[in-house]
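Please open your viewer and get ready to select a few residues. We will go from stop to stop together.

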Amino acid sequence: MGGLGSLKEGSDALFILLGAIMVLAMHAGFAFLELGTVRKKNQVNALVKILTDFAISTLAYFFIGYGIAYGVNFFNGAEVLAQKSGYELVKFFFLLTFAAAIPAIVSGGVAERARFNPMLAGTFLLVGFVYPFFEGIAWNHRLGVQDWLNASFGAEFHDFAGSVVVHAVGGWIGLAAVLLLGARRGRYGKEGQISGHPPSSIPFLALGAWILTVGWFGFNVMSAQTIDKMSGLVAVNSLMAMVGGTLVALWAGKNDPGFVHNGPLAGLVAVCAGSDLMHPIGALLTGGIAGGLFVWMFTMTQNRWKIDDVLGVWPLHGLCGAWGGIAAGIFGAKALGGIGGVSFMSQLIGTLLGILIAFAGGYLVYGVIKKAIGIRLDQEDEFNGADLSIHKITATPERESGW
């Protein structure tokens with residue numbers, strides 16, 4: 001039995017490590033999606049932000065956030081940490097890649113006009129305190145919220161892979177940041193005219209979408225966290241939601257490549273919560289609705305409400321994530337072919353609580369930083385672009401400096 005137990009421990013550690021590596025790769029997807037969407041003078045900044053945010057997130061989550069969410073710290077000797085094939089460490093690595101998605105999501109919304117170091121400070125505070133506060137409520141029974149939902153409505157709030165915990169939280173924090181920053185200069189005229197800023201590189205945008213899409217199967221499937229709980233249902237539901245999101249975004253977006261490549265992401269965001277419960281047809285519908293929701297709400301925020309959310313992170317992650325939390329309570333029910341064990345009211349309340357904590361936390365963190373040191377590039381730096389203003393080089397310099 002000892003040999004079988006060691007094999008199980010090693011298999012579990014490898015399983016969740018592979019998931020962590022796949023989600024780590026998704027951060028390259030975030031980087032290239034942003035790089036392809038922003039103007040050429042801000043491409044370097046997109047790449048640097050995602051990598052640096054990940055590094056800051058690691059420190060914040062290792063020393064503070066993981067303890068807040070799960071009551072676990074790593075201030076033991078390496079001999080203790082290496083027990084069970086180091087499973088607890090790689091579990092931290094896996095959940096870190098989720099936590100670090102928060103600033104990666106926000107980055108796309110605030111692109112082209114945010115200061116670098118103040119936003120890094122915001123990353124530390126969000127990943128260290130705000131995100132793990134709700135993560136602990138949803139995934140570790142903190143504060144008794146799950147117990148109350150179970151007693152009141154017959155089921156806990158269910159979010160298998162983070163439609164709400166990761167995506168809705170990231171999207172609503174992003175909305176707070178975008179509102180505090182304001183629109184890019186010249187984006188909206190005083191007489192109502194709108195200046196279009198088309199994507200700088202559709203190939204890079206598409207590459208980012210594809211990297212995210214592939215990595216998402218690690219994001220969802222490996223959320224089982226142990227190999228004996230792995231389910232092929234999660235993989236096929238993710239596939240169906242991705243396809244539904246793609247096709248509806250293609251249709252609703254009138255063949256626009258930006259919408260087409262964000263469509264699968266909208267579907268995948270929405271299916272995270274109920275991917276272990278839904279029938280594949282329910283997942284297809286969930287993803288399809290998300291694809292349409294993204295196209296409609298992206299257009300609405302940009303053109304009617306004049307909210308300059310560059311990558312549409314609030315519609316994509318904030319709204320499609322919230323829809324996913326609620327959809328788990330609809331399509332996860334046995335009456336619609338799901339496995340059951342969910343409550344619509346628990347899903348609704350849990351989703352709304354995540355939105356409240358995220359928007360309030362994001363507004364507080366970025367609001368305080370804005371007041372204290374400012375979060376926006378000055379007019380000249382924004383005009384020159386974040387690449388030259390912050391990193392002193394463009395993505396494609398014509399010649400070496402000093403020649």
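Predicted model: local features only at pLDDT ≥ 70, side-chain atom pairs only at ≥ 80, totals over all residues.

Residues are numbered from 1 along each chain as its sequence is written, and side-chain values use heavy atoms, with hydrogens and water left out.

**Stop 1: two helices**

Select residues 43-70, helix α2, and residues 101-109, helix α5. Helices here are DSSP runs (H or I, at least four residues), numbered from the N terminus. The two pack at an angle of about 150°, and their axes lie 9 Å apart; axes are lines fitted to C-alpha atoms over the stretch in contact, and angles run from 0 to 180 degrees between N-to-C directions. α2 and α5 are therefore roughly antiparallel (angles over 145 degrees). Their crossing is right-handed, a term for a near helix turned clockwise from the far one by less than a right angle.

Now show side chains: K49, I50, D53 and S57 of α2 meet P103, A104 and S107 of α5, where contact means heavy atoms within 4.5 Å. These residues divide into 3 nonpolar, 2 polar and 2 charged.

**Stop 2: E112**

Next, pick E112, in the loop between α5 and α6 (116-140). Its phi is near 80°, a positive value in a residue other than glycine. Most residues other than glycine have a negative phi.

Is E112 buried or exposed? E112 is buried, with a relative accessible area of 3% (buried means under 20%, exposed over 50%, partly exposed in between, with a 1.4 Å probe and protein chains only).

**Stop 3: K306**

Finally, move to K306, in the loop between α12 (280-304) and α13 (313-331). K306 has a positive phi near 55°. At 32% relative accessibility, K306 is partly exposed.

Technical notes
Parallel < 35°, antiparallel > 145°, perpendicular 65-115°, else oblique. Nonpolar A, V, L, I, M, F, W, Y, C, P; charged D, E, K, R; others polar.
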